[in-house]
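User: I would like a close look at one chain of this model and at how it sits against its partner. Please keep it brisk.

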Amino acid sequence: MKAERERNDPKTIISGKISGKLKAVYRVSAVVLAVLLFFMLATVMIGMPDIGNKNNPDNNEVAKRYIENGLEETGAVNIVSGMILDYRAFDTFGESCVLFAATICVMIMLRIDGQTKEDDEEANKITFGIRESAFSKIDSRNYEPENDSILKKSAILVVPLILVFGIYVVLNGHISPGGGFSGGAILGAGLILFLSAFGFSATEKFMNAKTVKITTLVSLLVYCLAKSYSFFTGANHIESGIPLGTPGAILSSGLILVLNICVGLVVACTMYSFYALVRRGRI
Amino acid sequence: MWNLIVRHLNDLVAVALFVIGFADLLFQKNMIKKVIGLNVMDSSIYLLLASQGYITGRKAPIITDGVTSAEYYINPIPSGLVLTGIVVSVSVTALLLSMTIRMYKKYHSLDLDYCLMMARGEG
């Protein structure tokens, strides 16, 4: 029995097939490769321009244009936000689509079909004693601790603060450091904490598969359609009639506020659905 | 020579982090630890990009007191590149981890060599 267990153990199987000499050769050559890579890259880096020098080749007229004309052309006090959501808005659209594609791919790999509400109720009725393999239908995936009082009481205090802070960071993207990506990550973290503390039955009242789908699709469509005016106005040298407002106010800088909200919603839904898919197999 | 190192300190630290992450990928057998190594490599690239935009003596690119002269702010363009990099890194990590979960479901092991050998043995 012990011999059979030892024969099926991963370590003996591998070490039986790969001899010790080959492992030693692999390790030595890996060390040599890493050291060679370090010296090669360090030599290249020493030949690059100095850090912090104002005459570097990458401090050219593009940066000058963005800083000097940024405020009057985009209306954003935060130059980086004005750059990624006005001058280079299509790049940010591509990034939101990358997050959407990642959600779809993770759903393809981790989603477990055939789960319905009846399965959830039946699994929740099983008591503590029956827990066999990690991935059978009735398993720890559907079991949720009901009376974790430390987590619940701290979540009641902390989750509203996190969500309010996340909304603040999203809305103030054009005035202070922040924007859609960081604010969306904060909102996603608040939702994950709520889910961990109160379970799926409480979270599904407002955050289920339908909400995630509708939110993501509507946000991406609004982003795409809102920025498409520049195809017509840019090539024909027409001024777009979007008002820029006073710099420093919340309702200013044209479409940047709307785009920040769209990006923030996409990021929050993506973070939430990653966690829900790993935890349970469906959003 | 010491002067040369000090002038390029950010770049050299980024290269060191990159090689450490790469060594993680080579030496670790556990799949989760390899994913951590990939994340360390990503962080080194953010450090490299963000430090290329810095200019000594100037401030962050948020317009204060109405000063819009280009002599007061650092270069804002590399910060935009870092944003794209972070989004790509998050997506790649999520995909790698979900593939690790599928691999564990089938072979009940997180060791990459063992799973490859089992896959070749079966198919």
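Take chain B: among contacts between residues at least 6 apart in sequence, what percentage join residues at least 24 apart?

Analyst: The figure is 52%, counted in chain B among contacts between residues at least 6 apart in sequence. Keep in mind that this is a predicted model.

Start with the build. Chain B has five helices and zero strands. From the N terminus the order is α-α-α-α-α. The C-alpha trace of chain B spans about 65 × 40 × 15 Å along its principal axes. Of the 123 residues in chain B, 21% are buried.

Two loop residues of chain B deserve a check of their backbone. Asp65(B) sits in the loop between α3 (31-51) and α4 of chain B. Its phi is positive, about 60 degrees, although Asp65(B) is not a glycine. Asp65(B) counts as exposed, because it has 5 C-beta neighbours inside 10 Å. His108(B) belongs to the loop between α4 and α5 of chain B. This residue, also not a glycine, has a positive phi near 55 degrees. His108(B) has 14 C-beta neighbours inside 10 Å, so it counts as partly exposed.

Now the face towards chain A. The contact takes 48 residues from chain B and 48 residues from chain A. On the chain B side, α1 (2-7), α2 (9-27), α4 (77-107) and α5 (112-122) each supply at least two residues. The largest share of that side comes from α4(B), with 15 residues. By class, the side of chain B that touches chain A has 28 nonpolar, 14 polar and six charged residues.

From α6(A), the contacting residues include Asp91(A), Glu95(A), Val98(A), Leu99(A) and Ala102(A). From α4(B), they include Thr84(B), Val87(B), Val88(B), Ser91(B), Ala94(B) and Arg102(B). The contact of α6(A) with α4(B) has 13 nonpolar, three polar and three charged residues.

Next, the cores. In soluble globular proteins, nonpolar side chains tend to be buried together. The largest nonpolar core here has 50 residues. Those touching the most other members are Ile79(A), Leu191(A), Cys262(A), Val266(A), Val267(A), Ala268(A) and Tyr272(A). Helix α4 of chain B supplies at least two residues of this core, as do α4 (61-74), α5 (79-87), α6, α8 (149-171), α9 (180-203) and α12 (256-280) of chain A. The largest share, 16 residues, comes from α12(A). Leaving out residues up to four places away in sequence, Tyr272(A) touches Gly188(A), Leu191(A), Ile192(A) and Met207(A). Another core, of six residues, lies apart from the largest one. Among its members are Val15(B), Phe18(B), Val19(B) and Leu48(B).

To draw α4(B) together: this helix gives the largest share of the side of chain B that touches chain A.

Technical notes. Residues are numbered from 1 along each chain as its sequence is written. Chains are lettered from A and ligands numbered from 1 in the order in which they are written. This is a predicted model: local features need pLDDT of at least 70, side-chain atom pairs count only at pLDDT 80 or more; totals for chains, interfaces and linings use all residues. Two residues are in contact if their C-beta atoms, placed from the backbone, lie within 7 Å. Helices (H or I, at least four residues) and strands (E, at least two) are DSSP runs, numbered from the N terminus. Ala, Val, Leu, Ile, Met, Phe, Trp, Tyr, Cys and Pro count as nonpolar, Asp, Glu, Lys and Arg as charged, and the others, Gly among them, as polar. A residue is buried if 20 or more other C-beta atoms lie within 10 Å of its own, exposed if 12 or fewer, and partly exposed in between; C-beta atoms are placed from the backbone. A nonpolar core is a set of buried Ala, Val, Leu, Ile, Met, Phe, Trp, Tyr and Cys residues joined through C-beta atoms within 7 Å.
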